[in-house]
Amino acid sequence: MNLNATDANSASDEELVRRVQGGQTSAYNLLVVRYQHKIIQVAQKFVSDYADASDIAQEAFIKAYKALPNFRGESSFYTWLYRIAVNVAKSYLEGLSRQKNQVDVDGEDFESKDTHGVLTDATTPDRIIESEELKKVILQAVSELPSELRTAFTLREVEGLSYDEIADAVKVPVGTVRSRIFRARQYIESKMQQFRN
C-alpha cells in the first residue's frame with residue numbers, strides 16, 4: 001500500500017520505518033525529507049562547510065537505510081539516526097586529522113545562529129567588539145582541541161546533549177565524557193584568560 005500525501009504528513013516515524021522494513025522503500029524518502037535539514041545541522045556542528053555537512057548527512061542516511069532492517073525501535077528513529085550522523089561526522093573529522101594533523105573549523109559557520117551558551121558572549125553595545133574578538137578566541141581554541149575532546153564539548157555546549165546522551169552517542173562511559181568536557185573547558189578557559197590579560 002502506497003502512502004498518499006495526507007498519509008505521508010501524518011504517518012509517524014515508526015509507521016514509516018515499518019513500511020520500509022516491509023519492503024516499501026519509497027517510505028524512506030519521507031524520513032529523509034523529514035530529517036534532512038536536522039541532520040545537516042548536526043553535521044555542521046562538526047564541519048564548517050555546508051557541502052561537507054551535506055555529504056555527511058547523505059552518508060548517514062545511506063548507513064541508516066542499510067541498517068534499518070536491524071532497527072528494533074529501542075530508541076526513536078531520530079535518536080538512532082542522530083547517533084549514526086555523529087559517528088559519520090567523527091569518522092570524517094578523524095580522516096581530516098590524519099591528513100592535516102589538525103581540523104580547521106571556521107568559527108562563523110561552526111556556531112549555529114540559534115545557539116546560546118559558551119560560544120555566544122553577552123553583546124551589549126559597549127562590548128560588541130570585545131565580544132566578537134573573544135568569540136574568535138573561543139572558536140580558535142575549540143578548533144585546536146583533540147578530536148575526542150572537541151566532539152564531547154560540541155555535543156554538550158553547542159548541541160545541548162546530556163552527559164548520558166553524549167556517552168550513548170560516542171560509545172564511551174559517562175565518566176570519560178565528563179573528563180573530556182572538563183579538559184576541553186579548561187583549555188578554552190585558559191585561552192580566554194590569556195585574551196583578557
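This is a predicted model: local features need pLDDT of at least 70, side-chain atom pairs count only at pLDDT 80 or more; totals for chains, interfaces and linings use all residues.
**Entry 1: H2 against H3**

I looked up where helix H2 meets helix H3, and found Asp13, Leu16, Val17, Arg19 and Val20 of H2 touching Ala27, Tyr28, Leu30, Leu31, Arg34 and Tyr35 of H3. Contact here means heavy atoms within 4.5 Å. Helices are DSSP runs (H or I, at least four residues), strands are runs of E (at least two), and both are numbered from the N terminus.

Residues are numbered from 1 along each chain as its sequence is written, and side-chain values use heavy atoms, with hydrogens and water left out.

Sorted by class, the H2 and H3 contact has eight nonpolar, no polar and three charged residues. Ala, Val, Leu, Ile, Met, Phe, Trp, Tyr, Cys and Pro count as nonpolar, Asp, Glu, Lys and Arg as charged, and the others, Gly among them, as polar.

Next I checked the geometry. Two packed helices are described by the angle between their axes and the distance between the axes. For H2 and H3 the angle is about 145 degrees and the axes are 8 Å apart. The axes are lines fitted to C-alpha atoms, for helices over the stretch in contact, and angles run from 0 to 180 degrees between N-to-C directions. I wrote down the crossing of H2 and H3 as left-handed. Left-handed means that the near helix is turned anticlockwise from the far one by less than a right angle, and right-handed means clockwise.

**Entry 2: H3 against H4**

At roughly what angle do H3 and H4 cross? I found roughly 135 degrees, with the axes coming within 9 Å. That is why H3 is oblique to H4. Angles under 35 degrees count as roughly parallel, over 145 as roughly antiparallel, 65 to 115 as roughly perpendicular and the rest as oblique. H3 passes H4 in a right-handed crossing.

The residues in this contact include Tyr28, Tyr35 and Ile39 of H3, and Ala53, Ala57 and Phe61 of H4. By class I noted 15 nonpolar, three polar and no charged residues for H3 with H4.

**Entry 3: H8 against H9**

I turned to H8 and H9, whose axes come within 10 Å and cross at roughly 135 degrees. H8 and H9 are therefore oblique to each other, and their crossing is right-handed. Thr151, Ala152, Leu155 and Arg156 of H8 meet Tyr163, Ile166 and Val170 of H9. This contact has five nonpolar, one polar and one charged residues.

Is each one buried or exposed? Lys171 is exposed, with a relative accessible area of 58%, whereas Val172 is buried at 19%. Buried means under 20% relative accessible area, exposed over 50%, and partly exposed in between (1.4 Å probe, protein chains only).

I also noted that Lys171 has a positive phi of about 60 degrees, although it is not a glycine. Val172 touches Ala167, Val177 and Arg180, leaving out residues up to four places away in sequence.

**Entry 4: the cores**

In soluble globular proteins, nonpolar side chains tend to be buried together. I looked for such groups here. A nonpolar core is a set of buried Ala, Val, Leu, Ile, Met, Phe, Trp, Tyr and Cys residues joined through side-chain atoms within 4.5 Å.

The largest one has 43 residues, and Tyr28, Ile39, Phe46, Leu68 and Phe77 have the most contacts inside it. Among the elements giving two or more residues to this core are H2 (13-21), H3 (26-44) and H5 (77-100). H5 gives the most, with ten residues. I followed Phe46 and found Val86, Ala89, Leu93, Thr151 and Leu155 touching it, not counting residues up to four places away in sequence.

A second, separate core has ten residues, including Ile138, Leu145, Leu149 and Ala184. Ala184 lies in helix H10 and counts as buried at 0% relative accessibility. Ala184 touches Leu145, Leu149 and Phe153, again leaving out residues up to four places away in sequence. Its C-alpha atom is 7.8 Å from that of Val142, 42 residues apart along the chain.

**Entry 5: the whole chain**

Of its 197 residues, 42% count as buried. Among contacts between residues at least 6 apart in sequence, 60% join residues at least 24 apart.
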